[in-house]
Amino acid sequence: MVFSATIAIIGSQGCGKSKYINLLANTSGHPTPNGAEVNIRDTYFNIREQSGITNEDFDGYIVMFDTRSSASFDQSVQTAKTLLQQGKQVVWCGTCVDSQNRVVQWNSIKEARNTLNNVKYYDISAKSGYNRDKPFIEFIETLSNPDIKHELKIELDNDIMDLDNACNMH
Ligand SMILES: Nc1nc2c(ncn2[C@@H]2O[C@H](COP(=O)(O)OP(=O)(O)O)[C@@H](O)[C@H]2O)c(=O)[nH]1
Ligand SMILES: [Mg+2]
């Protein structure tokens, strides 16, 4: 183990937190009563599902919304804003991108991201596994020691979501 981190997954009811946590538990670890313990790239993550911000302090936060719901999106923008104001490490994710019913489009994400310190963003799907590990690789990059940072930076540079290009793809 190189290092370990506690991660909260925060998002509106039904946005897909549990399904994503189950996917991670099944592929990289095991479930816990309110989350999962997983090992990604030799890094141990203790993940906890949360419906909102609490007083509890985590090393990192995945703020999630359902790309099929603008209410879920709006709520996630507020959550991310609050956490960023508190100086927290945040990765923002829109899930269920396998679905044909996407309503939150890239320009909305891009615009909101401008007000969120250009927070890292990933489209994910707990159904297809799309970008499953990316938020965690991001945390390893931002939270871990400089040696690992260098190695992972190269990897992320190669495939991190480029919003300008992604806009053209969607
Ligand atoms: N198509 C699709 N459905 C999903 C995905 N993630 C979650 N769901 C569905 O969305 C619903 C709510 O998911 P859940 O994980 O329980 O949401 P939570 O309340 O945030 O924990 C369930 O019916 C899931 O099967 C996804 O990536 N793709
Ligand atoms: Mg749940």
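**A loop cysteine and the sheet around it**

Okay, I'll start with C96, which sits in the loop between β6 and α3. Before I go on, this is a predicted model: local features need pLDDT of at least 70, side-chain atom pairs count only at pLDDT 80 or more, and totals for chains, interfaces and linings use all residues. Residues are numbered from 1 along each chain as its sequence is written, while chains are lettered from A and ligands numbered from 1 in the order in which they are written. Helices (H or I, at least four residues) and strands (E, at least two) are DSSP runs, numbered from the N terminus.

So, what is phi doing at C96? The value is positive, about 65 degrees, and this isn't a glycine. As you know, most residues other than glycine have a negative phi. C96 is also buried, because there are 25 C-beta neighbours inside 10 Å. (Buried is 20 or more other C-beta atoms within 10 Å, exposed is 12 or fewer, partly exposed is in between, with C-beta atoms placed from the backbone.)

There's another one to look at, N118, in the loop between α3 and β7. Its phi is near 50 degrees, again positive and again not a glycine.

β6, helix α3 (residues 106-114) and β7 build a right-handed β-α-β unit; that's clockwise from the first strand over the helix to the second, with the strands pointing away from you. Strand β6 covers residues 90-95, and pairs with β7 in the parallel sense over four bridges (a pair needs at least two DSSP bridges). Up on α3 you'll find K110, which counts as partly exposed because 15 other C-beta atoms lie within 10 Å. K110 and Y121 are 11 residues apart along the chain, and their C-alpha atoms are separated by 9.3 Å.

β7 itself, residues 120-123, is covered on both faces: K120 and Y122 are buried on one side, Y121 and D123 on the other.

Zooming out, seven strands form an open sheet with mixed pairing, ordered β2-β3-β4-β1-β5-β6-β7. β2 (29-32) and β7 are the edges, each with a single partner strand, so one side of each has no neighbour in the sheet. Further in, strand β1 (residues 4-11) and strand β5 (residues 60-66) pair in the parallel sense over five bridges, with I10 opposite V63 in β5. Then α1 packs on the sheet, touching β1, β2, β3, β4, β5 and β6; contact here means C-beta atoms, placed from the backbone, within 7 Å.

That helix, residues 17-28, also gives the most to the shell around ligand 1, with three residues. The shell has 15 residues, and G16, K17, S18, K19 and K127 come nearest; to get in, a C-beta atom placed from the backbone has to lie within 6 Å of the molecule.

Last, the whole protein chain. We've got six helices and seven strands, and along the sequence they run β-α-β-β-β-β-α-β-α-β-α-α-α. Buried residues are 36% of the 170. And of the contacts with a separation of 6 or more, 70% are between residues 24 or more positions apart.

How values were computed. Contact = placed C-beta atoms within 7 Å. Axes fitted to C-alpha atoms, helices over the stretch in contact; angles between N-to-C directions.
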